[in-house]
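Good morning, everyone, and thank you for making time for this.

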Amino acid sequence: MRRYSLEKFARLLENIIYSPSRNRKIELLVEYYKQTNDPDRGFAVALITNSLKLSSIRSTNLKQIIKSKVDPILFDLSYDYVGDMAETISLLWPFKKKKKLCTLSYFINFFHENSKLQVEKFLVSQLDKASTTERWAIIKLFTGGLRIGVSEKNAKVSLSKFGNVNLDQIEKIWHGFSPPYVKLFSWLEKGGPIPKIDILKTFHPMMLADQIDSKNDFRKLSPDDFEAEWKWDGIRVQLIISETETVIFSRNGDNITNSFPELRFKTNRNVVLDGELLVGGNLNPGSFNDLQQRLNRKKVSKGILQKFPAFIKLYDILFQDFKDLRSMKFSSRREILENWFNSNKQENLDLSSIIFFENWKDLTKVRNKFLQSSNIYEGIMLKKKNSIYHNGRPKGMWYKWKRDPKSVDAVLMYAQRGHGKRSSYYSDYTFGVLDGKNLVPIGKAYSGYTNEELDKLDKFVRKNTIQKFGPVREVEKTLVFEIAFDSISKSKRHKSGLALRFPRISKIRWDKSPEEIEDLKRIKDFYKLS
């Protein structure tokens, strides 16, 4: 086996991009693992799964570097047309004699261990040696989002095939390792017992639910097989409580403990719990907009803590005293959770209650009654009594019965280029509604349309641009969208005073005129947000 250089990693990315088949992409990764030494192959996995970031060089620095090499105006014009910085720089960079690049691990370690000035000089030296494809790969490492058609799940599948192990085994220990995954690769290559991880410091993949089709699914499902509980309108979290500390992870595995200093709990038995983080006094949930005042804050003032106190509604239990409970059925886990909660009651911690019902008609009445009278519920969760806690979304086990999505007619105001495969299209849209005689932005959306519709929208933006602001174009206010969203709340961050949750394009109303869009006052009155 020989150590692969950065050139081979760039070639891997190129081959993956030009391989439309998912299976072929996985085969390419397996082949790369077999031919590459540690720690290079581990770093490759980390970069592909976006688990490792190189933050020494920012986009502004890259622009300064390329503008010192080529005409700045030429770069600006080229970047505006191409829409992707890595592609633009890789094509414009003055070509020098091709030379051998360093290894991937040396490249990454250099950026972590040296000053910004040294890093910039080193980057320039590598770009000078690189081919167009290699330059593209190098720059992508800094601008982020390789977007080569390989998801984290696909990367894990490639690892399971490389080591000839079950995918579920990798899923369960994945977050217990950090790049470059040397111990993980050693196990996959040499076999032996599955590596142990620190259960009380590791995020464990969450179980997800399918959206239920209330018109068809209830005909197939027996109400006797399911438990029902409220789906609260907060953010899903994983809570680890040990004798020494409390750790809180978001559903994506981000450690958000420091953002919620009031959530520190005691336990008579070490536990890993599943729940919903909410804000509100006396364990009474407020709106999702209230919760947003607490999210993404590195430091939390006393005023914010007092105005928006956080608490957690518990759904499930995964571990107790290092014993893995995930293979037990839900009804048994629920009993263990209730017993733990009753012997560990404390401030800022609550148990999400079970909804008792006899048939689907009864549950429908309960759902309609409470969803119409309160905004604190996002819907109802249905969990099969015998379901084990499986990472991902196993079919037929858990269902979410959310509120019916709301919609509003709004006009297209601004468009911005997308990323990756959409980098040449204006695919991100800002839409607005009337506030008297003026238009005010009410939200953004970049999903809900087909490829054919994207072509039409892109042509519309280019033909109807009235002003340019860097990558953003302001357009003639003539095209109407029907925008679906899950909920609406007050917001001081937006000019309209409102924020939409999960906005997406439901329909492109080529047939409607802008005079038919919604009025801001009517929206506020209808949703009682005046």
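Is E474 buried or exposed? Keeping in mind that this is a predicted model, the answer is that E474 counts as buried, at 12% relative accessibility, because the limit for that class is under 20%. Its side chain meets that of K477 in a salt bridge, with 2.8 Å from N to O, and K477 is partly exposed, with a relative accessible area of 21%.

Elsewhere, K402 and E378 also meet through their side chains in a salt bridge, at 3.5 Å from N to O. This pair links distant parts of the chain, since K402 belongs to strand β11 and E378 to strand β10, 24 residues apart. K402 is buried at 15% relative accessibility, and E378 is buried as well, at 7%. Salt bridges with shared partners also join K402 and E378 into one network, whose other members are K231, D233, D486, R501 and R504.

Within helix α16, which covers residues 330–343, R334 and E338 sit 4 residues apart, about one turn of the helix, and they form a salt bridge whose closest N and O atoms are 3.0 Å apart. In total, the structure holds 32 salt bridges.

Let me turn, finally, to the domains. The domain assignment gives domain 1 as 5–142, domain 2 as 210–402 and domain 3 as 406–526. Domain 1 and domain 3 bury about 400 Å² between them, with 23% of it on carbon and sulfur atoms, and D80, V82 and G83 supply 71% of the area that domain 1 buries there. Across that interface the rule finds 0 salt bridges.

Note on methods:
Residues are numbered from 1 along each chain as its sequence is written. This is a predicted model: local features need pLDDT of at least 70, side-chain atom pairs count only at pLDDT 80 or more; totals for chains, interfaces and linings use all residues. Side-chain values use heavy atoms; hydrogens and water are left out. Domain bounds come from an automatic or database domain assignment. Buried area is the accessible area (1.4 Å probe) that two parts lose on being put together, summed over both. A salt bridge is a side-chain nitrogen of Lys or Arg within 4 Å of a carboxyl oxygen of Asp or Glu. Helices (H or I, at least four residues) and strands (E, at least two) are DSSP runs, numbered from the N terminus. Buried means under 20% relative accessible area, exposed over 50%, partly exposed in between (1.4 Å probe, protein chains only).
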